[in-house]
Structure formats: C-alpha cells, structure tokens
Amino acid sequence: MAQSSTASKDAAVPDFGIDTVPMTTPEALRDYLARLRAGQLGSLPALLGLVALVVLFASLSDVFLSLNNVANLLAQGAGQTMIAMGIVFVLLVGEIDLSAGTASGAAGAVLAMHYVENGNLLGGMGSTVFILFISVLAVAALLAGLLRIWAGVAMSVLAIVLAASGIAANPWIEMLLALCVGTAIGCITGFLVAKIGMPSFVVTLGLFLAWQGVILQFIGEGGVLGISSSPVLNNVANGNLSPLGSWLLFVLAAGGFAAATLGRHFSRRRRGLVTQPTPLVLSKVGGITALGLAATVLLTINRSSNESVVVTGVPYVVPIILVLLTIGTYVLNRTSYGRHIYAVGGNREAARRAGINVVKIRASVFVVCSSVAALGAIVYSSKVGSVDPQAGGLNTLLFAVGAAVIGGASLFGGRGRVFDAVIGGTVLAIIANGLGLLKQPAAVVAVVTGLVLLLAATVDALSRQRASTSAR
Amino acid sequence: MNEPVLEIRGLNKSFGPVHVLHDVDLTVRAGEVTALVGDNGAGKSTLIKCVAGIYASDTGRVLFQGEPVHIRGPHDAAALSIEVVYQDLALADNLDVVQNMFLGRERGSRWLLDEASMEQAARETLASLSVRTVTSVRTPVSALSGGQRQTVAIAKAVLWKSKVVLLDEPTAALGVAQTRQVLDLVRRLAEQGIGVVLISHNMANVFDVADRISVLYLGRMAAEVPAKDVTHGQVVELITAGRSGELGLARPESVVL
Ligand SMILES: Nc1ncnc2c1ncn2[C@@H]1O[C@H](COP(=O)(O)OP(=O)(O)OP(=O)(O)O)[C@@H](O)[C@H]1O
Ligand SMILES: [Mg+2]
C-alpha cells in the first residue's frame with residue numbers, strides 16, 4: 001500500500017489538476033466563484049438575506065439592534081429553529097415529517113403535566129388515558145426493537161419508567177421525560193414509514209392530527225399548564241449565562257472551532273492532500289472568532305431598561321443551539337451514519353446495493369427529528385411560560401420546514417446541513433421580530449414570511465437547474 | 001485452464017408469474033474475461049443481480065472457489081469480494097467520488113470516518129488507472145460525465161481488490177476513446193487474476209477482450225464456449241435463435257415463456 005502510494009503519487013500530479021497542487025488564495029476564490037456559478041450555492045443566499053434583513057430593520061427601527069431586542073430575538077426563534085434542525089435529517093433522506101410540530105407539543109404537554117401534577121400523571125390524565133399513554137410508549141419500544149434502533153427502545157422504556165414511577169416534579173426529570181416521549185413518537189413514525197412503507201406525507205399528516213388530539217386531551221379545552229414557576233424550566237429560554245459563563249462559552253466555542261478547523265487543515269496538509277490555502281482558513285477562523293468576541297462583549301453589557309435590575313450574559317438558548325449544531329454537524333459529516341443518510345437521500349437504490357440498511361436509516365431520521373423537536377418544545381414552552389392546547393400546532397411545523405428550506409436544505413433529499421436550519425430559523429425570527437417592532441399586523445408578517453419562503457424555493461430550484469445543466 | 005472462482009448451478013428466478021431465468025449454469029474462471037451475451041431481456045442483468053445479492057434466486061447453487069456459499073444480500077457478495085458495476089450505475093449523485101467509492105465500507109471507526117486515508121486511496125486507484133478527466137476526487141458525481149461515472153464505478157472494484165468483477169454493459173454509453181480505456185481496464189483486471197464477467201451487446205468488443213463467451217437465450221444458457229472456438233456469426237445466431245449448428249439449446253423452437 002505504502003509503496004504503491006509513493007510510486008503513483010508522481011503519476012497523479014498531471015492527472016488531477018487541482019487535486020495535488022496546493023491552491024493559492026486567488027485560485028481558491030476563483031474555484032469558489034466557479035462553483036457558485038455552477039449552482040452550488042449552499043447557504044450563501046440565506047446569509048445574504050440575513051444581512052439584508054438586519055440592515056433593513058436596523059434602518060427602520062431604532063429598537064431592532066438594541067441589546068435587549070437581540071437577546072430576545074435569539075430566544076424567540078430558538079424553539080422553531082431546533083425543530084428545523086431535526087427536520088433537516090428527515091429532509092435529507094427525501095421524506096417529510098408534518099407531525100414534528102404537534103409531536104413536540106405532545107412532549108411539551110407531558111412535561112408540563114408532570115410538573116403541574118407533581119409527577120402524578122395518572123391523576124392528571126385519568127386512569128384510562130394513562131393506561132393508553134403507557135401502552136403507546138410500550139408499542140413504541142417494541143417497534144424500535146423490531147427496527148433494531150436500540151436507543152429508541154431504551155428511551156421509550158425510560159419514558160414508561162419515569163411516567164409510571166410517579167416520581168415527584170423535578171425540572172430535569174421533566175425535560176428528560178419530554179425527550180423520551182419525543183423519541184418514542186419518532187420510533188412509531190419511523191416504523192410506519194420505513195418498515196410498513198407508507199408515504200411519509202400521509203403517515204405524518206395522520207399523526208399531526210392525532211398528536212394534536214392528544215395534546216387537547218392532556219390539557220383540556222381552554223386549559224393552560226403553567227411552568228414558569230419553576231426557575232429551571234423558566235430559565236431555559238428566559239435566563240442568561242453569568243458574564244463569567246458567557247466568556248467561558250466564548251473560549252470553548254471559538255477555541256473548539258479553531259482547533260477543529262485548523263487541526264483538520266494541517267493534518268490534511270501533512271498527508272499531502274488538497275487543502276484550502278492557509279491564509280484563507282486562518283481568516284475564516286479569525287473572522288468567526290471576532291464575531292463571537294463582539295457578540296460576547298455586547299451580550300455581557302447590562303441591557304436592562306430598569307435601573308434596579310441587571311440583565312447581562314449570553315442567553316442559555318445560544319449554548320443549547322450551539323451544542324445541537326455541533327453534534328448534528330459532526331454526526332452528518334464525520335460518522336458513517338451521517339454518510340449513509342446522504343447516500344439514502346441521493347440514491348436509495350445505490351445505498352441498498354452498497355449494503356446500507358436503508359430501512360433502519362430511514363426510520364432513524366424520524367427518531368432523530370422527533371427527539372430534537374421535543375427539545376425544541378422545552379425551549380418554546382419555557383419562552384411562553386406555559387403549555388396550552390395549541391402548543392406545537394398552527395404554524396410551528398410549517399415555519400420549521402420553511403426555516404430548513406430557506407437555509408438551503410433541499411426538499412428533494414440529499415442536500416442540506418444542520419447549519420441551514422440555524423440560518424433559516426434566524427431569518428424567520430428576524431422577520432417576525434422586525435415586523436413586530438414596526439407594528440405591522442399579523443397579516444403582513446404572514447405574507448412577508450410566505451414570500452421569503454417562495455424566494456428561497458425559487459433560488460433552490462434555479463440553482464438545481466443550473467447544477468444539472470452545467471454538469472455535462 | 002484456469003481455476004473456476006465462481007460457479008452457478010441450476011439457478012432459477014421468477015418475478016411473480018414471469019419465469020426469467022431457467023436452470024442457468026455459469027462458470028467464471030480466475031484471470032479470464034467471460035463475456036455474457038444475449039438479446040435485450042434475455043436475463044443478463046437479472047443473473048448478475050442474483051449473484052450480487054440484489055435479488056434472491058428461487059433455486060440454484062453458488063460455489064465460490066469450490067465452496068458452496070449463500071449470498072443473501074449485497075453484504076455477503078462484498079464479503080466474498082464480488083464487485084458489481086451495474087448497468088444503471090449505482091452511484092449517489094450528491095456524494096463525491098471518494099464517498100461513492102467507499103460507500104457502505106467507510107474507513108475509520110463508526111464514530112469518526114478517516115476521510116484523509118479514503119481520499120488518498122481513491123486518488124491512488126484512479127491514478128493507477130490513468131484517469132485524466134476527473135479534476136478532483138472531491139467532485140460530486142452529479143458533475144461527472146457518463147464515462148467518468150463508469151470509471152468511478154470500475155475503480156471501486158479495483159480499490160476493493162475484488163476476486164470477481166461483474167460488469168453490466170460498462171461501455172454502452174461511452175465514446176470511442178473511453179470505450180478503449182474501459183476495455184483495456186477490463187483486460188488488466190483479468191491479468192491481475194480477477195475473474196471478470198463482461199456483459200456487452202458489441203460483438204467486436206466481446207471478441208476483443210473475452211476468453212470465453214456465454215450466451216443467454218430467453219433466460220436459458222444456450223452455450224458456454226471459448227471465444228477462439230466460435231465465429232462472430234455463430235455467436236449472433238446463438239443470441240438470436242438460441243442455437244447454431246451443433247451448438248446451443250436442443251430445440252429452441254419449443255421454448256415458451
Ligand atoms: N424487477 C423486475 N420485475 C419484473 N420483471 C423484471 C424485473 N427485472 C427484469 N424483469 C424482466 O426480466 C427479463 C430480463 O431482464 P434483464 O434486465 O435481466 O434483461 P437483460 O438481459 O439485462 O437485457 P438488456 O440487454 O436490455 O439489459 C425481462 O423480460 C424483464 O422484463
Ligand atoms: Mg441489462
């Protein structure tokens with residue numbers, strides 16, 4: 001192996017133009033431009049849109065760029081952004097999960113009921129509903145077992161244990177329970193789509209309605225389950241890191257990003273593989289570090305409008321989103337599981353012939369999606385301080401799908417990143433927040449959001465055309 | 001005469017009521033190119049897919065290096081180092097060349113892929129095949145021409161140090177120069193001791209590279225003969241009528257589907 005590598009390396013030089021000669025910065029930029037022209041846009045349109053929106057709203061409203069509003073904006077969009085992050089996994093295999101919103105709502109309702117009833121779900125639900133609830137969780141565990149998704153089995157069983165034990169209210173237990181319920185829901189969806197072979201659109205449309213009914217049953221018509229009296233549950237979306245914690249986060253995040261990027265860059269260099277030019281990589285790392293630094297400085301300034309209270313620090317939702325983003329990106333880019341998700345989305349038959357367990361992969365993305373959606377439910381429930389029968393309903397799901405698509409994920413499968421959901425979610429949060437500040441009615445917000453989504457879909461379709469015509 | 005590496009005995013395959021393969025025998029010898037020819041719909045691709053574990057055969061035995069084996073899925077075929085290049089190339093468009101070549105058999109641990117080593121290996125393989133037209137192994141397959149895709153698919157077989165390589169019409173969509181390259185490549189595979197099965201409709205190509213010719217006629221093996229013992233015309237007759245003089249099926253007229 002090693003011998004043949006040195007022998008053929010010289011031969012390789014003329015064979016792969018840009019592959020063996022390190023690129024200079026101008027060459028790398030030209031290469032990037034060429035790829036843009038060929039239709040490989042990535043999240044560039046969404047990023048440009050983001051900048052344009054920020055400039056627009058900043059010029060129209062003095063409040064928009066105020067520290068208080070920025071921090072608020074981050075927390076407002078976090079829940080739906082997290083649901084979008086899960087949906088990216090489903091979109092990648094070319095499926096859709098319409099039930100992610102109400103599934104998250106159901107997880108949120110269980111969380112709130114456990115808190116309000118001090119762990120007595122049996123009392124909160126009534127014995128018939130409680131037995132049905134436990135049975136559904138048991139079915140989920142069974143289906144996950146049939147799919148050999150062991151994490152799904154474990155989480156579903158854990159949900160049964162937590163629910164049946166009647167353990168007293170504890171915010172951490174409640175959040176864990178919500179996550180477990182989300183995972184269990186995903187096992188059911190995944191089984192129906194991947195193993196039974198029903199179209200995901202129909203399965204999740206049915207489940208969308210079913211979970212909505214479940215939420216209504218749990219909470220009751222016109223009911224509200226308040227959770228803001230729990231400091232931990234309230235702080236998830238409304239609390240901030242201490243200034244020291246904020247700086248620690250900055251050091252961890254920026255340092256981690258730099259270490260990962262540079263480590264990869266130099267290890268590829270050492271092995272004689274093509275890399276981007278070092279100055280370009282360094283300026284990328286530098287730029288992102290500078291952005292993080294500026295954000296941390298600004299968010300550790302007191303932003304309270306009231307003299308007597310001090311509000312400083314980075315909102316908790318930022319590290320929550322960053323952790324999810326890091327894990328999601330790592331899984332998709334660096335593990336064989338992630339690689340197989342892309343393969344199934346790109347060419348299911350090719351994946352099958354390569355020996356990939358297509359059924360399991362397709363089922364697992366629904367498990368990931370519902371689990372992450374349940375985490376999103378924790379955040380948006382915390383933001384409003386309560387769970388009502390509308391939780392996760394209305395536009396939650398459509399906004400989440402919209403966020404993923406605006407960010408650059410493709411509805412046709414095979415293309416998308418978790419980062420896309422973050423960008424798209426931020427765009428939607430800015431639109432809602434900015435138009436709200438400008439005192440625009442809900443009608444305008446809805447129309448504008450719809451137009452932005454159409455614009456994003458147009459860019460996606462045009463770049464696809466471009467990519468397919470320039471391919472050969 | 002070379003050792004048989006893969007022997008298929010009495011293989012039957014039906015799709016519902018349609019009986020596509022009838023008691024098919026096929027012998028693949030190490031270091032030889034066996035051409036598998038037959039008219040459209042004769043069952044060539046189906047036979048290949050049965051060997052590859054894509055389809056389950058109804059009855060029949062498969063011997064690999066003399067040992068009976070059961071191929072239940074693509075994994076089993078890969079474990080026996082049987083590599084297949086499909087007529088409808090099985091490549092994922094959204095993945096790049098390296099990712100496609102290693103698909104399903106990624107290097108590194110499950111939790112951390114070894115991208116660098118995969119990239120190096122893919123490049124060395126392509127370079128050893130003198131592939132000049134692919135600018136970067138990190139190009140997504142959607143941006144490659146038909147011939148380049150074919151090359152990637154064949155390079156995969158070389159990369160995996162296969163013992164048997166099954167090629168389903170690898171030159172059907174290629175220009176003259178690229179066809180030549182692929183045929184050279186096919187010969188080179190055989191010279192390395194690999195048992196090669198080549199499906200092709202082009203008789204000139206078949207006589208160019210094949211050591212033996214196996215003719216499928218309406219799902220039955222009409223003849224398995226050394227290439228030097230038959231003429232062009234005889235093979236064409238075997239393909240179209242199932243019989244040519246002494247060669248071929250006993251009474252092809254009685255064969256009904
Ligand atoms: N998945 C399937 N379901 C039903 N029938 C099939 C299937 N695949 C192939 N067949 C039938 O089996 C027969 C053999 O098909 P096959 O693709 O093996 O032919 P072939 O020899 O490869 O032809 P060609 O030279 O056109 O590629 C055809 O009659 C075809 O209609
Ligand atoms: Mg065929």
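Reader: What makes helix 6 of chain A and helix 11 of chain A roughly parallel to each other?

Author: In this predicted model, the axes of helix 6 and helix 11 (residues 200-219) of chain A cross at roughly 20 degrees and come within 8 Å. Angles under 35 degrees count as roughly parallel, so helix 6 of chain A and helix 11 of chain A are roughly parallel to each other. Their crossing is left-handed.

Reader: Which residues make that contact between helix 6 of chain A and helix 11 of chain A?

Author: From helix 6 of chain A come Thr102(A), Ala103(A), Gly105(A), Ala106(A), Ala109(A), Val110(A) and Met113(A). Helix 11 of chain A brings Leu207(A), Phe208(A), Trp211(A), Gln212(A), Ile215(A), Phe218(A) and Ile219(A). By class, the residues of this contact divide into 11 nonpolar, 3 polar and no charged.

Reader: And why are helix 6 of chain A and helix 18 of chain A called oblique to each other?

Author: Helix 6 (residues 100-116) and helix 18 (residues 358-384) of chain A pack at an angle of about 55 degrees, with their axes 8 Å apart. Roughly parallel needs an angle under 35 degrees and roughly perpendicular starts at 65. Helix 6 of chain A and helix 18 of chain A are therefore oblique to each other. The crossing of this pair is right-handed.

Reader: What makes helix 15 of chain A roughly perpendicular to helix 16 of chain A?

Author: Helix 15 (residues 317-334) and helix 16 (residues 336-346) of chain A pack at about 75 degrees, and their axes are 5 Å apart. The range for roughly perpendicular is 65 to 115 degrees, so helix 15 of chain A is roughly perpendicular to helix 16 of chain A. Where they meet, Val331(A), Leu332(A), Asn333(A) and Arg334(A) belong to helix 15 of chain A. Their partners in helix 16 of chain A are Ser336(A), Tyr337(A), Gly338(A), Arg339(A), Ile341(A) and Tyr342(A). This contact divides into 5 nonpolar, 3 polar and 2 charged residues.

Reader: How do you know whether Thr183(A) is buried or exposed?

Author: Buried means under 20% relative accessible area. Thr183(A) has 4% relative accessibility, so Thr183(A) counts as buried. Thr183(A) lies in helix 10 (residues 171-195) of chain A. Not counting residues up to four places away in sequence, Thr183(A) touches Gly152(A), Met155(A), Val367(A) and Ser371(A).

Reader: Why is Gly413(A), which lies in a loop, counted as buried?

Author: Its loop is the one between helix 19 (396-407) and helix 20 (418-437) of chain A. Gly413(A) has 9% relative accessibility and so counts as buried, the limit being under 20%. Beyond neighbours within four places in sequence, the contacts of Gly413(A) include Leu91(A), Val93(A), Gly345(A) and Arg464(A). Phe89(A) is 324 residues from Gly413(A) in sequence, yet 9.4 Å away in space, C-alpha to C-alpha.

Reader: What makes Arg148(A) and Lys439(A) exposed?

Author: Exposed means over 50% relative accessible area. Arg148(A), with 52%, is therefore exposed, and Lys439(A), with 72%, is exposed as well. Arg148(A) is in the loop between helix 8 (127-147) and helix 9 (150-165) of chain A. Lys439(A) is in the loop between helix 20 and helix 21 (442-469) of chain A.

Reader: What is phi near in Arg148(A)?

Author: Phi of Arg148(A) is near 60 degrees, a positive value in a residue other than glycine. Lys439(A), not a glycine either, has a positive phi of about 60 degrees. Most residues other than glycine have a negative phi.

Reader: How do you know where the buried residues of helix 8 of chain B sit around the axis?

Author: The buried residues of helix 8 (residues 232-241) of chain B are Val235(B), Leu238(B) and Ile239(B). They cover an arc of only 95 degrees around the axis, which puts them on the same side of helix 8 of chain B.

Key
Residues numbered from 1 in each chain as written. Chains lettered and ligands numbered in written order. Predicted model: local features only at pLDDT ≥ 70, side-chain atom pairs only at ≥ 80, totals over all residues. Heavy atoms only, no water. Axes fitted to C-alpha atoms, helices over the stretch in contact; angles between N-to-C directions. Helix = DSSP H or I, 4+ residues; strand = E, 2+ residues; numbered from the N terminus. Parallel < 35°, antiparallel > 145°, perpendicular 65-115°, else oblique. Left-handed = near helix turned anticlockwise from the far one by under 90°. Buried < 20%, exposed > 50% of the residue type's maximum accessible area, 1.4 Å probe, protein only. Arc of directions from axis to C-beta. Contact = heavy atoms within 4.5 Å. Nonpolar A, V, L, I, M, F, W, Y, C, P; charged D, E, K, R; others polar.
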